[in-house]
Amino acid sequence: MTTQKQTQGIDFATISMRDALDLAVLIEEEARDRYEELAAQLILHRTPGAAAFFTKMMRVEEVHRKQLFEQRTRNFGNQPSGVSREMIYDVEAPDYDEVRMNMTPRTALEVALRSEVKAHAFFVNALKHVASAEVKKLFEHLCEEEVEHQNLVKAELAKLEPDEPGSGDDFGDDPVAQ
Amino acid sequence: MTAPAVPLQAKDYKSDLKPIWCPGCGDFGVLQGLYRALAAIGRPPHEVAFISGIGCSSRIPGYTTAYGFNSVHGRSLPIAQGVKLANPELLVVVAGGDGDGFSIGGGHVAHAVRRNINITYIVMDNQVYGLTKGQLSPTSPKGLQTVTSPLGSLEEPVNPLLFLLAYGAGFVAQASPADMPGMSALIEEAIRYPGFSFVNIQSPCVTFGEDDQQLKVHKAKMKTLASLGHDPADQLRAMDLARAYGTELYTGVFYRNPNPPLPYEELIKLRIAEESKKARPRNRILDAYLQK
Ligand SMILES: Cc1ncc(C[n+]2csc(CCOP(=O)(O)OP(=O)(O)O)c2C)c(N)n1
Ligand code: SF4
Ligand SMILES: [Mg+2]
């Protein structure tokens, strides 16, 4: 769970539908980029199972981003946006300290699950302040989607055998002396 | 200084080089915070220079699109001061570890502070030598068992905050990547301070660091100085609060000189202007060498 502020300079009481859509796009984009980064870190540190799962998550987030972006373009064309990537902080993106070298695919799935829970909580909180009926509908829909994603990850988790005791132990000793 | 036509974004400062830090390392968050602070300031990458020494944290220059020099262990501060004096228009950020800054490089800190060149010094304090695989560092807590102190360290740690405050630094702050918005804002404030500024960032080493120094612990433990009602203009109170380093995790600005003196490079400009008024005409230059 994160305790940090997840947005800065966004007023949910007055946010327009266009900016709300842009915010949703940026949240997916941030998550996509983070999964890509985490996958790259784990590949570099010989943790291929977890890396493969994060690569899959990266693709999933990109599909969501695209869908939302298409909706934005359909409704608002290329009107300038009132929100930017600098205004959001790890809304759906896993925190950097969630990963470790040698982490198992199961722990990687647990990271994704926590991130979906975090994103759901974000929209639930935002909804408390939203006034616009249109934005409310969008955020409610996004909340439902986050629950769906949680269920998908849970189903994947259920398919996995429990981790062997000691697997995923952090034997990392990687830095290279200079 | 050039004002960019399109506002700069954090990603504009990110280079194509992928960090080789251990997954989970605190330095990943620090790097993001730096990108965000630079985007907020809006100086294009070619007007920024990152100078570092040696260590995991000192790899930072390579991960930015700014100018960079991953230099010599413990020598980032003298090099950065030289860079800034040679080109005062550059925004110069010095970044490195607790070992780099407070053991081998410790002797340079006092002089960088008293010289007061307008640079920002960011220490990624993980209380250990990460790069060389987990030896005792000057900020390691007393009693810490490491490969170089198997029976536990007998030394008191350096307190970086008190160190800098006692030398008279005009801006001293502490942050943690556990609070990204707070950390990015502090880095930005430090860079904007017109003089030598220092930010100690508690940036956990997940491979060799202690369990009680990880980000999850920070999240539970950290307290902002603002929530304590601290006035950053109060230098004595700042010193008092800084004494809690190692036990409490206070974040925010400990001290900000409310009346910053002119930085060294400005004093030099004034000196040059003053001396040039006294300059001899061309045909009398040699008079300086003639015996009267
Ligand atoms: C002159 C010299 N002495 C020693 C070293 C070995 N050395 C490299 S990095 C380092 C310490 C790194 O610790 P720190 O500055 O805290 O950075 P971290 O890796 O923890 O980020 C040492 C002792 C060196 N490179 N050069
Ligand atoms: S050894 Fe520690 S400081 Fe170095 S990259 Fe790994 S986690 Fe970070
Ligand atoms: Mg260190």
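Predicted model: local features only at pLDDT ≥ 70, side-chain atom pairs only at ≥ 80, totals over all residues.
**View 1. Packing of helix α4 in chain A.** The buried residues of α4(A) include A:V135, A:L138, A:F139, A:L142, A:H149, A:V153 and A:L157. An α-helix has 3.6 residues a turn, so residues three or four places apart point the same way.

**View 2. Length and start of helix α4 in chain A.** Helix α4 of chain A covers residues 133-159, which is 27 residues. From its first C-alpha to its last, the helix reaches 40 Å, close to the 39 Å expected at 1.5 Å a residue. At the start of α4(A), a side-chain oxygen of A:S132 comes within 3.3 Å of the backbone nitrogen of A:E134.

**View 3. Surroundings of ligand 1.** Ligand 1 lies between chains A and B. It is surrounded by 17 residues, and the closest are B:C56, B:S57, B:G99, B:D100 and B:G130. The shell consists of 6 nonpolar, 9 polar and 2 charged residues. Helix α3 of chain B (residues 98-104) gives the most to this shell, with 4 residues.

**View 4. Polar contacts of ligand 1.** A polar side-chain atom of B:S57 lies 2.7 Å from an oxygen atom of ligand 1. For B:C56, a backbone N or O atom lies 2.8 Å from an oxygen atom of the ligand. An N or O atom in the side chain of B:N126 is 3.0 Å from an oxygen atom of ligand 1. Taken alone, ligand 1 exposes 600 Å², and the protein buries 77% of that.

Terms used: Residues numbered from 1 in each chain as written. Chains lettered and ligands numbered in written order. Heavy atoms only, no water. Near = heavy atom within 4 Å. Polar contact = N/O pair within 3.5 Å; in protein donor to acceptor, adjacent residues only side chain to side chain. Areas by Shrake-Rupley, 256 points an atom, 1.4 Å probe, with all protein chains shown as cover. Helix = DSSP H or I, 4+ residues; strand = E, 2+ residues; numbered from the N terminus. Nonpolar A, V, L, I, M, F, W, Y, C, P; charged D, E, K, R; others polar. Expected span 1.5 Å × (residues − 1). Buried < 20%, exposed > 50% of the residue type's maximum accessible area, 1.4 Å probe, protein only.
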